[in-house]
Amino acid sequence: MSTEQYTMGMIGLGTMGRNLLLNMADHGVSVAGHDTDQSKADLLEKEGEGKKVKGFVTLPEFVQSLTIPRTIIMLVPAGKAVDSVIENITPLLSEGDILIDSGNSHFTDTNRRVDYLQTKGIHFFGMGISGGESGARRGPSMMPGGDKHAYEVMKSVFEAIAAKVDGVPCVTYIGPGASGHFVKMVHNGIEYGIMQLIAETYGLLKNGLKLENEAIGQIFAKWNEGRLKSFLIDITKDIFAYKIPGTDRELLDDIKDEAKAKGTGKWTSQASMDLEVPIATIDTAVEQRDLSKYKKLREQASDLYSTQAHGIDAVKEEFIDALEQAFFASMVITYAQGMHMLYKSSIAYGYNLNLAAIAQIWRGGCIIRSEFLTDITNAYEKNPELEHLLLDENVKQQIIAALPGTRTVVTAAIQSGIAAPAYTSAISYFDAFRTKRLPSNLIQAQRDYFGAHTYELIGKEGVFHTEWVSKEDVNLV
């Protein structure tokens with residue numbers, strides 16, 4: 001039985017958990033980790049050699065090694081695994097201990113766990129973490145929400161290990177309840193949208209302009225030096241430059257075109273429907289990952305419909321410039337959809353979110369970090385009550401300048417038979433958003449016609465119903 005005492009504990013010593021602990025150890029925090037896999041506990045101690053780091057395989061010994069009040073982070077797969085850990089560890093904890101869930105848990109599960117652990121006197125909060133393996137080790141973006149007392153205890157540690165942009169740590173208290181996990185979920189939804197836009201850009205360059213991978217990689221590298229500079233563009237240029245060792249063949253060409261997902265994008269779409277917030281580009285990205293999985297059906301349809309793209313008839317340099325505009329505008333619209341969802345959730349769930357602070361902590365460490373997040377931060381700092389990012393004057397000017405290229409790209413994609421659903425949904429969302437009078441009045445008339453669902457009138461209070469035809473003239477089921 002170890003007699004050493006450690007300040008911080010971690011349950012789950014996979015890549016993320018181990019690297020986050022090592023990050024803390026780098027900043028002088030004494031840390032203990034628990035995993036039922038002895039090899040993972042051993043790897044933690046090996047990589048933390050020279051620092052106060054200890055791995056445990058038995059839960060009671062791990063818990064007893066922590067200073068009181070105990071502070072424990074869980075980084076285990078979302079769902080039943082989290083509940084199992086809570087069930088096993090709760091009898092070993094004392095009132096006043098702190099338990100943190102840093103996995104990608106669904107926010108409704110976090111709500112349930114908050115309520116349960118309050119009855120045990122245990123401080124609990126959910127904290128989304130973004131940045132992957134390198135972020136956890138060198139500085140992630142962190143989104144803690146829930147028990148504010150617990151956050152205040154952890155604040156100095158989190159600020160020390162977080163990514164820094166202009167000296168500002170990429171972590172802030174998000175809000176009560178499950179707000180931390182909710183914000184991380186929306187972050188991941190935005191991530192889905194931008195990744196789909198990048199994939200479609202690749203398709204347009206490869207199948208539309210018939211460019212080789214090396215040339216496509218050079219375009220992404222150039223874009224990463226300008227206003228599109230971001231983590232996702234940066235790693236994309238690296239992917240195009242990677243060749244299978246010992247060959248001149250790019251690995252990308254050998255990767256099967258079936259995109260997997262862990263569910264956070266789907267959760268974002270589901271939650272947006274509950275909130276009645278349209279996030280069309282994010283929804284499209286989720287749908288396209290699903291469609292990609294039907295490869296055999298796609299192959300059959302390709303043979304049946306002869307859907308070989310015939311290329312885009314355009315001056316290469318001019319189209320690439322238009323594509324840069326289209327990507328920028330569509331990326332901004334994707335961010336705007338996510339921020340609108342956060343605005344609405346803040347009201348509906350009582351989160352009282354600081355949207356400027358959220359955009360600010362996304363500027364470093366996380367997967368969706370980009371140059372444009374500074375513009376988003378500035379927009380909400382200037383107007384904390386801004387309901388929709390597209391209503392910001394600075395954003396408006398940038399969108400207007402990028403619209404011609406966006407329409408050029410979407411038109412060319414449709415004419416050439418190259419799928420670009422995220423681009424198409426982004427511009428369609430924008431056009432609907434800026435339309436003062438949508439044709440939705442016809443839908444209301446139809447609903448009233450077949451179901452007597454009533455309608456409202458412009459400039460007149462109340463709800464109304466019309467007998468559109470005499471009952472003798474129509475036979476509707």
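Modeller: Please keep in mind that this is a predicted model.

Colleague: Why is the contact of K52 with E4 called a salt bridge?

Modeller: The cut-off is 4 Å between a Lys or Arg side-chain nitrogen and an Asp or Glu carboxyl oxygen, and the closest N and O atoms of K52 and E4 are 3.6 Å apart, so the pair qualifies. Since K52 lies in the loop between α2 and β3 and E4 in the segment before β1, the pair ties together parts that are 48 residues apart in sequence.

Colleague: How do you know that D97 and R70 form a salt bridge, and are these two residues buried or exposed?

Modeller: Their closest N and O atoms are 2.8 Å apart, which is within the 4 Å limit, so the label applies. Both D97 and R70 are buried, meaning under 20% relative accessible area. D97 sits in the loop between α4 and β5, and R70 in the loop between α3 and β4, 27 residues apart.

Colleague: What makes K295 and D257 a salt bridge?

Modeller: With 2.6 Å between the closest N and O atoms, K295 and D257 meet the 4 Å criterion. K295 belongs to helix α13 and D257 to the loop between α10 and α11, so the pair ties together parts 38 residues apart in sequence.

Methods
Residues are numbered from 1 along each chain as its sequence is written. This is a predicted model: local features need pLDDT of at least 70, side-chain atom pairs count only at pLDDT 80 or more; totals for chains, interfaces and linings use all residues. Side-chain values use heavy atoms; hydrogens and water are left out. Helices (H or I, at least four residues) and strands (E, at least two) are DSSP runs, numbered from the N terminus. Buried means under 20% relative accessible area, exposed over 50%, partly exposed in between (1.4 Å probe, protein chains only).
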